[in-house]
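Student: I've got a model open and some labels I'd like to pick apart. Could we go through them together?

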Amino acid sequence: KILISIEKSASDIISLNSAEGKDDFEVAYAWTEFDNPTATQAWLGIGSDDGIRVWLNGRLVHEKWSARPVQVDEDVVPVPLKAGKNYLLLKVQNITGSWGFACRLMDADVRARRMVSAARDGDLPVLKGLIDQGFDINGRTSDGLTPYATAHFWGQKEVADFLAKNGADIRAAPPVPGKLVDEIFKDWNTSDSPGATVAVIENGKVVFEQGYGMADLEHQVPLSPKSVFYIASTSKQFTAASVALWSLEGKI
């Protein structure tokens with residue numbers, strides 16, 4: 001058994017892999033303490049590879065036995081935080097292979113992003129579960145996204161209707177187009193990923209344009225609205241669209 005004291009980490013995921021890599025059927029304990037100004041309701045976002053138990057201030061608040069990889073915030077656990085010192089203890093059980101865990105307090109932006117992600121994916125059961133756990137149905141991310149606006153934008157009608165019937169503000173101003181596009185392409189907007197250049201055109205005018213990711217990974221050339229692409233087989237979709245339009249107009 002291993003006891004690990006964690007104060008700071010550069011990543012949300014803590015790896016428990018030993019240098020020897022012989023960690024099958026091992027157990028690790030992780031412990032931390034933190035100050036909270038006032039007693040508040042909070043949410044822990046937890047992920048583990050594999051099983052996990054979590055105690056807060058001496059009380060078991062979560063346990064999950066599952067053979068799974070670590071995913072940040074896979075389990076959402078509502079917890080009461082007391083004023084002053086709070087003590088957190090985790091027990092992580094490995095089965096075989098790599099192992100680790102993630103555990104963090106989910107602030108308002110993180111909670112809103114979890115809601116927005118479920119709305120975008122049309123995952124109504126997850127969305128209902130988050131709302132049942134106290135997540136704000138009108139929570140807005142730091143870049144202006146709301147669950148309803150996201151569901152509407154992505155064509156998730158069932159989710160949008162559910163949100164509207166359960167208190168979502170359907171009149172709230174949606175984020176500007178750039179914020180929506182940034183959310184879509186954020187996973188590819190890194191220095192080690194191929195990407196795309198995107199334009200949003202409204203009423204014949206370009207209202208947003210941005211490059212995401214890299215045009216050339218070897219030479220670290222980023223994409224921009226002025227990047228040149230080889231069109232290649234992409235021309236086929238324009239030909240198909242033209243044929244469809246002519247067919248609708250009775251020309252062919």
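This is a predicted model: local features need pLDDT of at least 70, side-chain atom pairs count only at pLDDT 80 or more; totals for chains, interfaces and linings use all residues.

Student: What makes the bond that joins D49 and D50 stand out?

Tutor: Look at omega, which is about 10 degrees; the peptide bond joining D49 and D50 is cis.

Student: And what is the phi of Q220, and where does Q220 lie?

Tutor: Q220 has a positive phi of about 55 degrees, although Q220 is not a glycine. The loop holding Q220 runs between β12 (214-216) and β13 (221-222).

Student: On to helices. How do you know whether α1 and α2 are roughly parallel or roughly antiparallel to each other?

Tutor: The axes of α1 (residues 108-121) and α2 (residues 124-132) cross at roughly 155 degrees and come within 8 Å. Angles over 145 degrees count as roughly antiparallel, and therefore α1 and α2 are roughly antiparallel to each other. The crossing itself is left-handed.

Student: Which residues make that contact of α1 and α2?

Tutor: From α1 you have R114, M115, A118 and A119, and from α2 there are V126, L127, L130 and I131. Sorted by type, the residues of this contact give 7 nonpolar, no polar and 1 charged.

Student: Why is α2 called roughly parallel to α4?

Tutor: The axes of α2 and α4 (residues 157-165) come within 10 Å and cross at roughly 20 degrees. Angles under 35 degrees count as roughly parallel, so α2 is roughly parallel to α4. This crossing is right-handed.

Student: What makes up the contact between α2 and α4?

Tutor: L124, L127, K128 and I131 come from α2, while α4 brings E158, V159, F162 and L163. The residues here divide into 6 nonpolar, no polar and 2 charged.

Student: Last one: how many residues of the lining of the second largest pocket are charged, and how many are nonpolar?

Tutor: The lining divides into 8 charged, 1 polar and 1 nonpolar. Asp, Glu, Lys and Arg count as charged, and the lining includes D73, R104, R113, R114, R120, E183, K186 and D187. V110 and S117 line the pocket too.

Student: Which helix gives the largest share of that lining, and how much space lies in the pocket?

Tutor: The largest share, 5 residues, comes from α1, and about 240 Å³ of space lies in the second largest pocket.

Conventions: Residues are numbered from 1 along each chain as its sequence is written. Side-chain values use heavy atoms; hydrogens and water are left out. Axes are lines fitted to C-alpha atoms, for helices over the stretch in contact, and angles run from 0 to 180 degrees between N-to-C directions. Helices (H or I, at least four residues) and strands (E, at least two) are DSSP runs, numbered from the N terminus. Angles under 35 degrees count as roughly parallel, over 145 as roughly antiparallel, 65 to 115 as roughly perpendicular and the rest as oblique. A crossing is left-handed if the near helix is turned anticlockwise from the far one by less than a right angle, and right-handed if clockwise. Contact means heavy atoms within 4.5 Å. On a 1 Å grid over the protein atoms alone, a cavity is a set of points where a 1.4 Å probe fits but cannot get out, and a pocket is an open set with protein on both sides within 12 Å along at least five of seven lines; lining residues have an atom within 4 Å of a point. Grid points are joined across faces, edges and corners, and a volume is the space filled by probe spheres set on the points.
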